[in-house]
Structures are given as C-alpha cells and as structure tokens.
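Let's walk through this one from the inside out. Have the model open and follow along.

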Amino acid sequence: MKKYVIDMKVVENVRLHPKYCLLKLTADCRLPEMIPGQFVQVRVDGSPQTFLRRPVSINFVDRQANMLWLFIQLVGEGTRRMAEYRAGDSMNIILPLGNGFSVPQISVSASLLLVGGGVGTAPMLYFGDILKSIGFKPEFLLGARSKDDIVQLAAFEKTGTTYLTTEDGSLGEKGFVTDHTILKKKNFDRIYTCGPKPMMFAVAGYAKTMGISCEVSLENMMACGIGACLCCVEKTVKGNVCVCTEGPVFNVNQLTWRI
C-alpha cells in the first residue's frame, strides 16, 4: 500500500482522561485508504528530545468529514507534546503504515469479538465500524483498571454490543477480560485483540483452547516505521520479522507464543 507524507491540521484535541487524549485531524487533500490496525508516524516538533517520529494507532477514519482520529496515551516527551496541540496546529504524518486486521471471508452472521485493553482499544473502534458497514455485528470486550480508564465507551456502544471488565469491579464485571462471563455463554467465530501483552497472551490462549482463529496487534517499540532500525523485531514461525512492516497485526499461529 502506498505511503503518504501529509501535513494535517488539528481540528480538535479532546482530553479523555489525565493519561489519554484524542486528536481529530484533517488535511487539504483527500485522506488515503487506511486499514484498521494500521498506524501512522507523527513528527513531533518543538522539542529537542523528539528526534524520532512517534507511532500511533489509527483510532477512527471519518470519511464524510475527511478526518483522522488518533488516540494518544501520554507516556513520554513526544506524546505529552502532542497532547498540547490545539485546533489549527499542524502535524506532519506518514501514513498508512503496517498491515492491519483481516476482514473475515465468512457469513456476516458470524460472531466476531474485538478485545481491547488500555490504549489497545484504539484500533478496535475503527475495525468495528468497518465490520458494521459491511453487515457484521461486531461485539467488543474492553478491559481497564477502573471505570475512569474506560474511554470512548459511547462510540463503542454505538458500533456494537459492548462488554466491560475492570480490575477493581467499578464498571462491568470485576477481573480481566478473559474472566468475563460472555466467554462462557457464547461461542465466537473470530477473535481480534490489542492491548498489553499479558492480556493478549491470555486472549490468544483462550482462542487456541476453543479452536477460534485469533489475530493480535502487537505494540512493540517502533522507531522508524519502515523496517530499518530493527527495534520492533518479533520472532515468528518463519524467523524474525519487523512488526512495523510485517505487522503490527498477526494471526497468532504465525507467532511463537507458548499459549
């Protein structure tokens, strides 16, 4: 897929949580096609500590408004600087990068479960929207530490049935995503997940036990986004690969995880 370098303008910066913000961006040109699960590389200006671009998952693409949403977790100088952007500010972005989730070539009546934890919920919103647009009825299972860490809930509920878990039990069921009773009550045909690696291990393990095809979106550190720096190498059944070019989405059978 062709890559573009685009200067985009901030339309809105929404603070969702002390640690999360949502940047809504637009461009003078028509936005290129983007696949759920792909990511962008953002040039962060105005700080001597942000020489390298920052990788950010594509949270949503609003075609009608020609708008790209980026869900930002504030973890370092680069993301903190991005959280300070205001309407009208410019951002230089390379997009789209990597390989995304695969739309299943099965009946739209199939049961699809999209599991996200923390900032890993970001790509699930766009993927769910795409699935819904072609006739599927996606279901979401979102996990967080507490109710305050569950963000964009209204958008998820608008897109599909949404189940919640929190570690402290303050919203949804208490525990981790793999503890949710929906996994005992319903059989799913496909599972897709993104979030902390221990969570993805657990989800992938459940999928393997149940014989369900499962795709995972890895969050390895990616510095260049084009497979040059080798920061994001992951071991697969075919050898080591760069997550930024071969992923970030993989069928779990491609990985050497012991689950």
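Leu 23 is buried, since its relative accessible area is 0% (buried means under 20% relative accessible area, with a 1.4 Å probe and protein chains only). This is a predicted model, where local features need pLDDT of at least 70, side-chain atom pairs count only at pLDDT 80 or more, and totals for chains, interfaces and linings use all residues. Residues are numbered from 1 along each chain as its sequence is written, and side-chain values use heavy atoms, leaving out hydrogens and water.

Leu 23 sits in strand β2 (residues 20-26); strands are DSSP runs of E, at least two residues, and helices are runs of H or I, at least four, numbered from the N terminus. Leaving out residues up to four places away in sequence, Leu 23 touches Val 10, Leu 68, Trp 69, Leu 70 and Met 91, among others (contact means heavy atoms within 4.5 Å). Trp 69 is 46 residues from Leu 23 in sequence, yet their C-alpha atoms are 5.7 Å apart.

Now step over to Leu 68. Together with Leu 70, Leu 68 has the most contacts inside the largest nonpolar core, which has 47 residues; such a core is a set of buried Ala, Val, Leu, Ile, Met, Phe, Trp, Tyr and Cys residues joined through side-chain atoms within 4.5 Å. Apart from that core lies another, of 31 residues, including Phe 39 and Cys 232.

Finally, look at helix α5 (residues 197-210). Its buried residues include Met 199, Val 203 and Tyr 206, and among the elements covering the buried residues of α5 are β7 (112-117) and β12 (213-217). After α5 comes Gly 211, with a positive phi near 70°.

Key. Buried < 20%, exposed > 50% of the residue type's maximum accessible area, 1.4 Å probe, protein only. Expected span 1.5 Å × (residues − 1).
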